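Dear colleague,

Please find below the structure that I am handing over to you. My notes on its salt bridges, pockets and cavity follow it.

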Amino acid sequence: MYVKQGLFSVAVFASLSIAAVKDIYAANYAGPVSRLAFTSNVDGSYSLEEISSTLDCGYNPGWLELDQATGTLFCSNEAYTLPNSGSLASFSKESLSIIDNVTTDYGPAQSAFYAPNRLGLAHYAGGAVSVYDTSDPSNLKELQSFHYFMDKPGPNSTLQDKPYPHGIVADPTGKFVVVLDRGADALRTYSVGWDDRLVELGTHFTEPGNGPRHGVFVKGVAKTFFYCLGELTNSLHGFEVLYREDGTLGFAQFYNNSAYQTGFGDAAGTALPAEIALAEGGKHLVLSTRADDRSTYQGEPSDTIVSYSVDFETGALALVGLTASGGSWPRTFAISADGTLFAVANQYTVPGRLIVFARDPETGVIDDGRPLATWTTDITLPDGQSISSIVWDE
C-alpha cells in the first residue's frame with residue numbers, strides 16, 4: 001500500500017496492513033439499506049463489497065443508528081418523495097431482517113441515542129422532534145413529540161419559511177440535548193428528566209440566516225465547547241457551553257468562520273456544509289462541504305473534507321487541511337473507532353460512490369491520494385440522490 005511519506009506513522013501503516021474485516025452499513029435515499037464488508041486481503045489490498053441489503057426501511061432511508069447493546073440497526077425513513085410521511089425501522093444488524101417499522105412524524109432527517117433505549121429523531125419536514133423507546137426493538141414506541149412554530153420566515157425565505165430541525169445531539173454529561181433547527185436559526189435545548197424523557201428548557205438563536213444543521217460537543221480541560229455547521233452560510237461556529245445554576249443551558253460564541261477557515265462569508269449560499277464529527281475524543285473535528293468543487297480527485301473536480309485540531313483549553317480550532325471527498329455531495333462520512341479509516345459517501349456522484357481512505361489519528365490527516373477501497377451503486381432517485389448515511393459496525 002502506498003502512503004505519502006511523512007503523513008502516516010509506521011504504527012498506523014502496520015495497523016492498516018493487518019486490518020480485520022469491518023462492516024459498514026449504508027442507507028440510500030433510493031430505497032436500499034446495505035451491509036458492506038471492508039476487508040484486508042492477503043495481497044495487501046483492500047476490498048469493499050455488499051453482502052446483504054433490504055428495502056424494508058421505506059421509500060427514502062435517510063439516517064442510520066446502530067445499537068451495539070441489542071445488535072440492532074435503526075433506520076429513519078425521511079420519505080421526502082412522499083407527502084406528509086416518515087417512519088422508523090429496526091433491523092437485525094447481522095441479517096438485516098426487519099424487526100419493526102412504525103410510522104413517525106414527517107421527515108425524520110437525523111437521530112441520536114441520548115440515553116439507553118431513548119432515540120431522539122429530528123423531523124426536518126415535520127418541524128418537530130420525537131423520542132422513541134427502543135428497549136424492545138420489536139415494539140418501538142413513541143414517548144414524546146415537540147412541534148415548533150415561527151411567527152415569520154427567516155432571512156432566507158425559501159429555506160427558512162418554517163422550522164426545519166435537522167440535527168439532534170446530547171451533551172457530554174448526558175443531562176442535556178440540543179436540537180438544531182435550520183429554519184429558525186435555533187438551538188433548542190432540553191434537559192433529560194424522569195424516565196429519560198426530554199424537558200423543554202429554552203432556545204438560543206444563532207445569527208439570522210446561518211441555518212444550523214448538525215453539531216458536536218467537545219469536553220475540554222475546564223470548559224465544554226459546542227461546534228455547529230451553518231448550512232446556509234457555509235460556516236462553522238464555536239460556543240462555550242454555559243451550565244447555569246438554574247439548570248438551563250447557554251451558549252457564548254467565540255468562533256465564527258467559513259467552513260474552510262477562510263473568513264466568514266466565503267462561498268456562502270453556494271457551498272453547503274453537510275456533516276460534522278469528532279475523532280480521538282474530540283482532539284480532531286472533521287466536516288464535509290457539498291457543491292464546492294474546491295478539491296481534485298483522480299484528475300476530476302471534487303467536493304471537500306475539512307479537518308481541524310481542537311485546543312482543549314480554549315476551544316480554538318487549527319486547520320489540519322482540506323482533502324478531496326472523492327466525488328460530489330459528501331452528505332455523510334464515518335471515522336473508524338481507532339481513527340485510521342475514513343469512509344465518505346458522495347451522494348450525487350454517478351454512480352453513487354462510497355470510498356474508504358487511510359487516516360492518521362495522530363495528525364488528523366486524511367490521505368486522499370489513493371483510496372483503500374471503493375464501492376459504487378447504480379441505484380439512485382431520478383434527481384440523482386443515492387447514499388444518504390453510513391456507519392461503521394464497531
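**Salt bridges**

Arg-359 forms a salt bridge with Glu-280, and their closest N and O atoms are 2.8 Å apart; the term denotes a side-chain nitrogen of Lys or Arg within 4 Å of a carboxyl oxygen of Asp or Glu. Arg-359 lies in strand E28 (residues 352-359) and Glu-280 in the loop between E20 and strand E21 (284-290), so this pair ties together parts that are 79 residues apart in sequence. Strands (E, at least two residues) are DSSP runs, numbered from the N terminus. Arg-359 counts as buried because its relative accessibility is 0%, whereas Glu-280, with a relative accessible area of 27%, is partly exposed. Here buried means under 20% relative accessible area, exposed over 50%, and partly exposed in between, with a 1.4 Å probe and protein chains only.

Please note that this is a predicted model, in which local features need pLDDT of at least 70, side-chain atom pairs count only at pLDDT 80 or more, and totals for chains, interfaces and linings use all residues. Residues are numbered from 1 along each chain as its sequence is written, and side-chain values use heavy atoms, with hydrogens and water left out.

By the rule above, the count comes to 14 salt bridges. Among them is the pair of Arg-118 and Asp-133, whose closest N and O atoms are 3.3 Å apart. Arg-118 belongs to strand E9 (residues 118-123) and Asp-133 to strand E10 (residues 128-133), so the pair ties together parts that are 15 residues apart in sequence. Both residues, Arg-118 and Asp-133, are buried.

Asp-195 also forms a salt bridge with Arg-118, with the closest N and O atoms 3.1 Å apart. This pair links distant parts of the chain, 77 residues apart: Asp-195 is in the loop between strand E14 (186-192) and strand E15 (198-205), and Arg-118 is in strand E9. Asp-195 counts as partly exposed because its relative accessibility is 33%; for Arg-118 the value is 8%, so Arg-118 counts as buried. Salt bridges that share partners join Arg-118, Asp-133, Asp-195 and Arg-197 into one network.

**Pockets and cavity**

The largest pocket has a volume of about 1,100 Å³. On a 1 Å grid over the protein atoms alone, a pocket is an open set of points with protein on both sides within 12 Å along at least five of seven lines, a cavity is a set where a 1.4 Å probe fits but cannot get out, and lining residues have an atom within 4 Å of a point. A volume is the space filled by probe spheres set on the points, which are joined across faces, edges and corners.

The largest pocket is lined by 38 residues, and Trp-63, Glu-65, Ile-276, Ala-277 and Leu-278 lie nearest its centre. E20 gives the most to this lining, with five residues. The lining of the largest pocket divides into 23 nonpolar, nine polar and six charged residues.

The second largest pocket holds about 380 Å³ of space. Of its 22 lining residues, Tyr-29, Glu-78, Tyr-80, Tyr-124 and Arg-331 are the closest to its centre.

A search of the whole structure finds one cavity of 30 Å³ or more. The residues that line the largest cavity include Trp-63, His-166, Arg-213 and Arg-331.

With kind regards

Conventions:
Helix = DSSP H or I, 4+ residues; strand = E, 2+ residues; numbered from the N terminus. Nonpolar A, V, L, I, M, F, W, Y, C, P; charged D, E, K, R; others polar.
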